[in-house]
Amino acid sequence: MGKDNFFEIYRDANKQLGARPTIKVSLLSDSYNASRNFAGIMVYSHDGEYNWYNSEGCNAGHSGRAFYVLIKDTDGWNGVHCNLYQELFGPHSRHTTCCAGFSIMNSVLKYNSYCFNHTTGSMGSCRWSSDGQPSLSEDEKVLTQQAVRVWQEVGPGVVSQLSDSVHIALWAAHRTGAGGA
């Protein structure tokens, strides 16, 4: 499910960033409210880079890096993930961005996005491959769970270090051939 080469994406992000990646929940995210519905996007790379500069959209003039998360209240929205992408990056083509979509509906985390999770593409040195399913891979789910938990507990604008258990599990899954990577 989701990115069937997620370990390669994670490994390459580690290499290009020079350190274990962090998860940043954007300051532009809405605050959690259990009575509302939300959609989120986790960006792995943009324009083939794990560090990028946003020239358009709500984050114009700011840089981003792998595992950047934007979560917005989407009650009343249609096509939530594609619209969320347009809000973040402007009219930029989503086919140059490797990312994942998720939602929180009735306080339940959902891992499906037809807009992002079943896409395959490449840009620069970043290549992503999907199994064609709308759900995230198991490894992507672990990162999403951490991002959403931190967002719910602390709020927007938080940078969270990946826990040792998550980081080790991602590497161990690859070494044994198990997991979603």
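Predicted model: local features only at pLDDT ≥ 70, side-chain atom pairs only at ≥ 80, totals over all residues.
Visitor: Why is S103 called buried?
Guide: The cut-off for buried is under 20% relative accessible area. S103 has a relative accessible area of 9%, so S103 counts as buried. You'll find S103 in strand β6, residues 97-105.

Visitor: Which residues does S103 touch, leaving out those up to four places away in sequence?
Guide: S103 touches F38, A39, H81, V108, L109 and K110. A contact needs heavy atoms within 4.5 Å, so each of those residues has a heavy atom within that distance of S103.

Visitor: And what makes L136 buried?
Guide: Again, it's the under 20% rule. L136 has a relative accessible area of 0%, so L136 is buried. L136 lies in the loop between β9 (126-128) and α3 (138-154). L136 and F6 are 130 residues apart in sequence, but their C-alpha atoms are 9.9 Å apart in space.

Visitor: How much of the protein is buried?
Guide: Buried residues make up 50% of the 181 residues.

Visitor: What is the strand order in the open sheet?
Guide: The six strands run β7-β6-β2-β5-β1-β10, with mixed pairing. The edge strands are β7 (108-110) and β10 (158-161), as each pairs on one side only. From one strand to the next, the twist averages 25°.

Visitor: Which helix packs on that sheet?
Guide: Helix α2, residues 80-89, does, touching β2 (38-46), β5 (68-73) and β6. The direction of α2 makes about 55° with that of β2.

Visitor: How do you know that β1 and β10 pair?
Guide: Pairing takes at least two bridges between the strands. Strand β1 (residues 22-25) and β10 have four bridges, so they pass, and they pair in the antiparallel sense. Among the partners, K24 has V159 in β10, and T22 has Q161 in β10.

Visitor: How does the span of α1 compare with what is expected?
Guide: Helix α1, residues 6-17, has twelve residues and reaches 16 Å from its first C-alpha to its last. That is close to the 16 Å expected at 1.5 Å a residue. Next comes G18, with a positive phi near 80°.

Visitor: Why do the buried residues of α1 count as being on the same side?
Guide: The buried residues are F6, F7, I9, Y10, A13, N14 and L17. They cover an arc of only 165° around the axis, so they sit on the same side of α1. In general, an α-helix has 3.6 residues a turn, so residues three or four places apart point the same way.

Visitor: What share of the contacts with a separation of 6 or more joins residues 24 or more positions apart?
Guide: Such residues account for 72% of those contacts in the protein.

Methods: Residues numbered from 1 in each chain as written. Heavy atoms only, no water. Helix = DSSP H or I, 4+ residues; strand = E, 2+ residues; numbered from the N terminus. Buried < 20%, exposed > 50% of the residue type's maximum accessible area, 1.4 Å probe, protein only. Axes fitted to C-alpha atoms, helices over the stretch in contact; angles between N-to-C directions. Expected span 1.5 Å × (residues − 1). Arc of directions from axis to C-beta.
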